[in-house]
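Visitor: Could you walk me through this model, one question at a time?
Guide: Gladly; here it is.

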Amino acid sequence: ETQRAQTLKEAMDACKKSEEEGAALKTGLAEREAEMAKLQALIAELSEQLKKAEGQAAELQAAKEERERKNAELEKELKGKGSELEEAKKNGLALRAGNEGLEKSIGDLKGQLEKMR
């Protein structure tokens, strides 16, 4: 009878120990599940931030491309203006030379008129 009581006590102790270990495992599992929930929330937040950053990067890229396109147009326009300016300079020099020739001819004519008088 004593041996049976001892065996029963050992079985009850083992059962109690198993229950305690099970409770500890459940507590550990609950803690890990809470940590996993926090990590999932963090992943969701980071994913949202990544989407926003990608959107901003796309906007910046589009703005950069638009700026480059406008710069190319301005450069083309400036090259055209530069050609026009060079042509105007040539025309101005030609006019100046023509004016000098006219002034000389006028001076010659005045001289001839003076001689005729």
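Guide: Let me start with a term: a residue is buried under 20% relative accessible area, exposed over 50% and partly exposed in between, with a 1.4 Å probe and protein chains only. This is a predicted model, so local features need pLDDT of at least 70 and side-chain atom pairs count only at pLDDT 80 or more, while totals for chains, interfaces and linings use all residues. Residues are numbered from 1 along each chain as its sequence is written, and side-chain values use heavy atoms, with hydrogens and water left out.

Visitor: Is Ser83 buried, partly exposed or exposed?
Guide: Ser83 sits in helix α1, residues 2–116; helices (H or I, at least four residues) and strands (E, at least two) are DSSP runs, numbered from the N terminus. The relative accessible area of Ser83 is 49%, so the class is partly exposed.

Visitor: How many Å separate the C-alpha atoms of Ser83 and Glu59?
Guide: Along the chain, Ser83 and Glu59 are 24 residues apart. Between their C-alpha atoms the separation is 36 Å.

Visitor: What radius of gyration does the protein have?
Guide: The secondary structure comes to one helix and zero strands. The C-alpha atoms fill a box of roughly 170 × 15 × 15 Å along the principal axes. The radius of gyration is taken over C-alpha atoms, and the globule rule is 2.2 Å times the number of residues to the power 0.38. A compact globule of 117 residues would come near 13 Å, but the protein has 49 Å.

Visitor: What percentage of the residues is buried?
Guide: The accessible surface comes to about 11100 Å², with 58% of it belonging to carbon and sulfur atoms; such areas come from the Shrake-Rupley method with a 1.4 Å probe, and for residues only the protein chains shown count as cover. Of the 117 residues, the buried share is 1%.

Visitor: Which residues make the nonpolar surface patch of about 280 Å²?
Guide: Patches are made of residues with over 30% relative accessible area and no salt bridge, joining like charges within 9 Å and nonpolar side chains (Val, Leu, Ile, Met, Phe, Trp, Tyr) within 5 Å. One member, Leu46, lies in helix α1 and is partly exposed at 45%. The members of this patch are Leu39, Leu42 and Leu46.

Visitor: What is the N to O distance between Lys89 and Glu86?
Guide: Lys89 and Glu86 are separated by about one helical turn because they are three residues apart in helix α1. Lys89 is partly exposed at 46%, and Glu86 is partly exposed at 42%. Their side chains meet in a salt bridge at 3.8 Å.

Note on methods: Salt bridge = Lys/Arg side-chain N within 4 Å of Asp/Glu carboxyl O.
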